[in-house]
Amino acid sequence: MIKKLKNLFRTENILYYPGCLIKFVGTELEENYKKILSAAGIDFIQLHELELCCGSPILNAGHIREAEEIAEKNFRVFKEHGITKIITSCPACYKTFSQEYPKLVKGWNIEVEHITKTIDSAIKAGKLKAPELNTEVTYHDPCHLGRHSGIYDEPRSIIKATGAKLREMRLSRENALCCGAGSGVKSNYPELANAAAKERVEMAKDTKAKMLVTTCPMCYYNLKENASGIEVVELSQLLEKKGGRK
Amino acid sequence: MESLEKDLKENEGFKKAILPVLYSYKDKRDAALSPEEREKERDALRKIKEYSIEHMKELKERAVASLMRNGIRVIEAKDSEDARQEILKIIGKERLIIKAKSNTASEIGLAKALRNRELIETDLGDFLVQVSGDEEMHPVLPSIHLTPEMIAKTLREKLGADVKPEREAIVAFVRVYLREKILKAKVGITGANAITSDGSIVILENEGNISLVSRIPDKHIVISSFEKIVPSLEDALHVVRCSALYGTGQAFPSYVSIISGPSKTADIQNEIVIGAQGAKEVYLILVDNGRSEMLNSEFKELLYCINCGACLDFCPVYHNLARRYGSKYLGARGVIFSAFDEGLKDSFEHGAFFCAMCKACSENCPARIDLPGMMRKLRQRLVEKGIEPLSAKEMIANTEKFGNPFGEIKKGQMPGKLYCC
């Protein structure tokens, strides 16, 4: 507790920003990521209810002015807490902070990292050990992480570090088929998002992998809701699988 | 807007049919050129299109003057109705009209305008769709949803033809069937893939039907639009290459027609006589349908489109909703186009909020058109007019009040609606 309070008064802080979907719905995922970050020796703080939605859904819904307002509020909060780097476990937040905030907020100068990069670097540096898994998985590239941000290798590298065999789908990386949930589709037209997810799940099953791993909470919930015959897991769950990290 | 359940159900067959086609297309495309070579082609196309659209006013003036000088009659039509009237005037009393693939012809509703005449589609896919009484499902592969079994059944029912349900047998039958029509027709209609500012119309094909349709009848009518204009023939051939590569996955199509005027000969005393073996009259209809407005807007990038359909191939919404997503053109491009051609409000009905902004379209677009970026701008325009899905309104209200899209929520519980990202 004392350490946490001290952190709040520091001038240079790393913020772990889970993203609303993980923070409010995927609390298990948040706990996983916090454990992983701590195990990797990363000294981070959290802002909980002080931070707001990054504005991604607002932007994609065509509400630019509202997005600018929320971005400015977030920037102010981040500055008040001496945030110099954000680590986020949500691909949409990652894209928004790294690509949209420089356009939305004057003077934006905070480094942004997706958590797969953090974890991959920690594993490669020997600071974090991946659990040893004897299984076959396939990986679904979240659109905001892959095509929008060019992060294809880090999640794969983490999966490979567990010893799990990675079986790629016919459409992956740049050509990965979207799960259909993003940009408001899941709430505006859930039947469409579900139909798209089913198509992706079938493609995953074609690989004969036992698990479908993804690293976006939206893809995770949408794929999971529409999957049968294959286990859908979020990357942090794979890393926290029984046996756990060594 | 009503639920999409019914549309999704209707398109289940299409959804099953598209994946094998997509896989084989992608394999062909990957085999045709290496990723590095492909990126070079895309860079070059992007440059050509950027330049052409930026200099369209002067390029168009030059193109029209050059084409007229070459003996091609250029007619500018402000909208579909205007274009149809001009085409009817050219056709006159002719009953039999043969037609090759033209997305602009579909755009202006040509088939409907000619419903009292015998309009014969000569592109195999279009022909099969026409005989089935279906609609085109893809700009390059209109019959993408039809299997040999379905086709053989249709040919038997509609034309009384006994054709084996095999690809080769179907092609052989249609070859004979269409030739008879082609030889009789006095009017042929095609589209264009590119128009050069020095006065040539460039059309690519694999089947050979375009060569016949543009040369055998007396009159050849080209239906196109100004964004096809590029500075030079070299640029046009680049468009051709990208159209083939991204349309069907080939390095180059079987045939390219470069039409720079009607058929002529100077073999008798070196004096020019029009109408040797090809068309005696060549017409080019340039349809506007909101394109001039688009040219002066933040949506002008849409005019870079070369109609290859690659954006649709990888689109999850198109896979599931097919024709329901878009209007005269399909997918995101079709939705944005409809805002200009039909009206902003119509673009909502056509699916302005269906797009998951997954970027698979722009990633596969030879001209790198930023469709997701434009879709967001289109939503912005709709929102300014108060048009948006109810859930989007709720999400905005929640975020303003609670700082998160879900509103008041108990941690760890799944909300009723998953507004996010």
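Helix H12(B) buries B:Asp235, B:Ala236, B:His238, B:Val239, B:Val240, B:Arg241, B:Cys242, B:Ser243, B:Ala244, B:Leu245, B:Tyr246 and B:Gly247, where buried means 20 or more other C-beta atoms within 10 Å of the residue's own, with C-beta atoms placed from the backbone. That's 12 of its 15 residues, so H12(B) is largely enclosed by the rest of the structure. Just after H12(B), B:Gly249 has a positive phi of about 85°.

A word on the model: it is predicted, so local features need pLDDT of at least 70 and side-chain atom pairs count only at pLDDT 80 or more, while totals for chains, interfaces and linings use all residues. Residues are numbered from 1 along each chain as its sequence is written, and chains are lettered from A in the order in which they are written.

Over in chain A, the axes of helix H7 (residues 115-124) and helix H8 (residues 153-161) come within 9 Å and cross at roughly 45°. That makes H7(A) oblique to H8(A); angles under 35 degrees would be roughly parallel, over 145 roughly antiparallel, 65 to 115 roughly perpendicular, and the rest are oblique.

Now the chains together: 47 residues of chain B are in contact with 45 residues of chain A, contact being C-beta atoms, placed from the backbone, within 7 Å. H20(B) gives the largest share of chain B's side, 6 residues.

Here's the make-up by class:

Technical notes. Axes fitted to C-alpha atoms, helices over the stretch in contact; angles between N-to-C directions. Helix = DSSP H or I, 4+ residues; strand = E, 2+ residues; numbered from the N terminus. Contact = placed C-beta atoms within 7 Å.
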